[in-house]
Each structure stands twice: as C-alpha cells, then as structure tokens.
Amino acid sequence: MGTPMNRLDGLDVLDLCHREMLFSLGKLSALVSRLAAYGPDDEARSMAQEIHAFFSTTVRQHHEDEERHVFPRTIASGDPQIIRAVLKLQTDHDWLEEDWMALAPHLATLAAGRPWCELDTLRDASAGFTALMHDHIALEESCIYPEARARLDAAERSEMGREMAARRRARDPASARLPGR
C-alpha cells in the first residue's frame, strides 16, 4: 500500500509529479494522433487545455522545486558525476522551457478553439519535448533523487514538502490541494 497523501514528503511529491508528467506526455502524443484522425474536435480542445495548463504551471513549479531544494543539496556532495548530472539537468530545464515556449502557443490556440496550427509542426515539437522530458526524468530518478534522499533526512524532506505546498498556495490556492502541485 502506498504512502498516505498527507504523509508525502517533498521528494515523494516530486516523484508523483514525474508520474503525472509521463501521463501528460502520453496525453500529448494521444492529442497529436487524435488531431491526425479527427481534426480539432471538442475532445482535442479539452485535451489541449489540460496539457497546456499542466505544463505551464505544475511542471514549471516542479523545476523550481528541484532548483531550490534538490540540486543545491546534491551538488554539495562534491561528487564530480553528481555535479555533472545536476549541471546537465539545469541545462535541460532551460531547454525544456525553450521547447515548451515553442509548443505552448499551438496548444493554447487549439484549446481556445481558434484556427489551429500545422499538424506536422505540432508533431515535431511534441516529439522533441517528449524525448527530452523522458531523458530528464530518467536521469533525475536514477542519479539525483537517490542522492537527495541520502542527503536529506525525513524532517528536511517534510519541510521541503511544506515549503513547496505553501508556495503553491500563495500562487493559486486551488492548485495546492493536489499532489505534485
């Protein structure tokens, strides 16, 4: 049985957010397939709204959480492999943001029900974004999160989770009620 939601620490929340990211990347792929088959129908519009909202808010907050809480502690290890991994992940955050800024307007246009973008452009942008996100998550989960778990005790991880939730509540009270947000 999993950890009760009210007992998730900051790293548990980040792990859960990774699961949500992978699900949303699958939804992005499904959206591209749906558009190819049916065009910009109501279902595609709804999917685009959900994907756009998730990656525009939750994922950006997730990256901020890692930059604030996880990366500084793991770099402090002094381990050259860990330091290289963190530097790569920080660069990934920049590239993911750039990729998202190229992809987001297409989804926002579709979500708003306006004339929609070129399918090949959306497909290519989605594929690049998805591939980088998968590689990024894999590196975090295989290298950085285990190091963070070793360096942060339970009280620090709990405090990290409280700070993350408080920051979300300050930005959007409704978003703080959900795990990973």
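User: Which residues of helix 1 and helix 5 meet in this predicted model?

Analyst: On the helix 1 side they are Gly-10, Leu-11, Val-13 and Leu-14, and on the helix 5 side Arg-157, Met-160, Gly-161 and Met-164. By class, this contact has five nonpolar residues, two polar and one charged.

User: What makes helix 1 oblique to helix 5?

Analyst: Helix 1 (residues 10-38) packs on helix 5 at an angle of about 60 degrees, and the axes are 6 Å apart. Roughly parallel needs an angle under 35 degrees, and roughly perpendicular covers 65 to 115. The pair is therefore oblique.

User: Why are helix 2 and helix 5 called roughly antiparallel?

Analyst: The angle between helix 2 (residues 42-75) and helix 5 (residues 154-171) is about 150 degrees, with axes 11 Å apart. Angles over 145 count as roughly antiparallel, so that term applies to this pair. The crossing is right-handed.

User: Which residues make the contact between helix 2 and helix 5?

Analyst: Helix 2 contributes Gln-61, His-62, Glu-64, Asp-65, Arg-68, His-69, Val-70 and Arg-73, while helix 5 contributes Glu-156, Met-160, Glu-163, Met-164, Arg-167, Arg-168 and Arg-171. They divide into nine charged, three polar and three nonpolar residues.

User: How do you know that the length of helix 2 agrees with its number of residues?

Analyst: Helix 2 has 34 residues, which at 1.5 Å a residue should span 50 Å. The C-alpha atoms at its ends are 46 Å apart, so the two values agree.

User: Where is the kink in helix 2 centred?

Analyst: The kink is centred on Glu-67 and amounts to about 40 degrees.

Technical notes
Residues are numbered from 1 along each chain as its sequence is written. This is a predicted model: local features need pLDDT of at least 70, side-chain atom pairs count only at pLDDT 80 or more; totals for chains, interfaces and linings use all residues. Side-chain values use heavy atoms; hydrogens and water are left out. Axes are lines fitted to C-alpha atoms, for helices over the stretch in contact, and angles run from 0 to 180 degrees between N-to-C directions. Helices (H or I, at least four residues) and strands (E, at least two) are DSSP runs, numbered from the N terminus. A crossing is left-handed if the near helix is turned anticlockwise from the far one by less than a right angle, and right-handed if clockwise. Contact means heavy atoms within 4.5 Å. Ala, Val, Leu, Ile, Met, Phe, Trp, Tyr, Cys and Pro count as nonpolar, Asp, Glu, Lys and Arg as charged, and the others, Gly among them, as polar. The expected span of a helix is 1.5 Å times one less than its number of residues. The bend at a residue is the angle between axes fitted to the seven residues ending there and the seven starting there.
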